[in-house]
Amino acid sequence: MHIFTFDIHSRRRDEMIDITERVAKAVADSRIAEGLATVFVPHTTAGVTINENADPDVVHDVLAALDAAVPHERDFYDHHEGNSAAHVKSSLVGVATQVLVRQGRLVLGTWQAIYFCEFDGPRSRQVHVAVTEG
Ligand code: ZN
């Protein structure tokens with residue numbers, strides 16, 4: 001297994017950043033032709049997901065829908081840091097995803113991209129990519 005790590009710098013509180021090319025580079029650098037790429041985000045107020053890269057309105061709408069479902073301000077939040085919504089969004093979206101690797105390339109649909117999801121930015125973050133053969 002090869003593990004690669006790269007940094008992300010978010011600019012807004014909520015943001016989806018396309019990391020497909022950086023994950024693809026990790027796969028290429030691993031020199032593994034057939035296998036699996038696992039993308040893992042080691043943070044409790046961020047996540048990773050796969051969604052559409054063609055129409056930027058999709059990213060906007062996903063973030064808006066998450067905000068509507070999990071508002072930043074709620075009377076019942078107890079967490080002293082004041083970022084409970086970001087923690088909830090992280091759990092809803094998840095902190096890991098997997099993509100098949102075939103002939104040294106990510107197997108993604110035409111309109112799919114891998115997005116780092118920031119829910120408590122702006123911050124510096126890390127993304128780990130584990131590429132396994134098999
Ligand atoms: Zn917190």
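Biologist: Which residues does V41 touch, not counting residues up to four places away in sequence?
Modeller: V41 touches A46, G47, V48, V95, F116, Q126 and V127, leaving out residues up to four places away in sequence. Contact means heavy atoms within 4.5 Å.

Biologist: What kind of model is this?
Modeller: This is a predicted model, where local features need pLDDT of at least 70, side-chain atom pairs count only at pLDDT 80 or more, and totals for chains, interfaces and linings use all residues. Residues are numbered from 1 along each chain as its sequence is written, and side-chain values use heavy atoms, with hydrogens and water left out.

Biologist: Back to V41. Where is its place?
Modeller: V41 is in the loop between β3 and β4 (46-52). Helices (H or I, at least four residues) and strands (E, at least two) are DSSP runs, numbered from the N terminus.

Biologist: Is V41 buried or exposed?
Modeller: V41 counts as buried because its relative accessibility is 1%. Buried means under 20% relative accessible area, exposed over 50%, and partly exposed in between (1.4 Å probe, protein chains only).

Biologist: What separates the C-alpha atoms of V41 and Q126?
Modeller: 6.6 Å, with the two residues 85 apart along the chain.

Biologist: New topic. What is the strand order in the open sheet?
Modeller: The five strands run β1-β8-β3-β5-β6, with antiparallel pairing. Two strands pair if DSSP finds at least two bridges between them.

Biologist: Which strands stand at the edges?
Modeller: β1 (2-9) and β6 (105-106) do. Each has a single partner strand, so one side of each lacks a neighbour in the sheet.

Biologist: How many bridges join β3 and β8?
Modeller: Six, in the antiparallel sense, with β3 covering residues 35-40. A37 stands opposite V131 in β8.

Biologist: Now the metal. Which residues coordinate the zinc ion?
Modeller: H79 (NE2), E81 (OE), N83 (OD1) and H87 (NE2), at 1.9 to 2.3 Å. Donors are N, O and S atoms within 2.8 Å of the metal (3.2 Å for Na, K and Ca); water is not among the atoms, so sites may look incomplete.

Biologist: What spacing do the donors follow along the chain?
Modeller: H-x1-E-x1-N-x3-H.

Biologist: And N83, buried or exposed?
Modeller: N83 is buried, at 5% relative accessible area. H87 is partly exposed, at 24%.

Biologist: What does D120 touch?
Modeller: R13, T45, N83, A86 and R125, not counting residues up to four places away in sequence. D120 sits in the loop between β7 (112-118) and β8 (124-133). D120 counts as buried because its relative accessibility is 15%.
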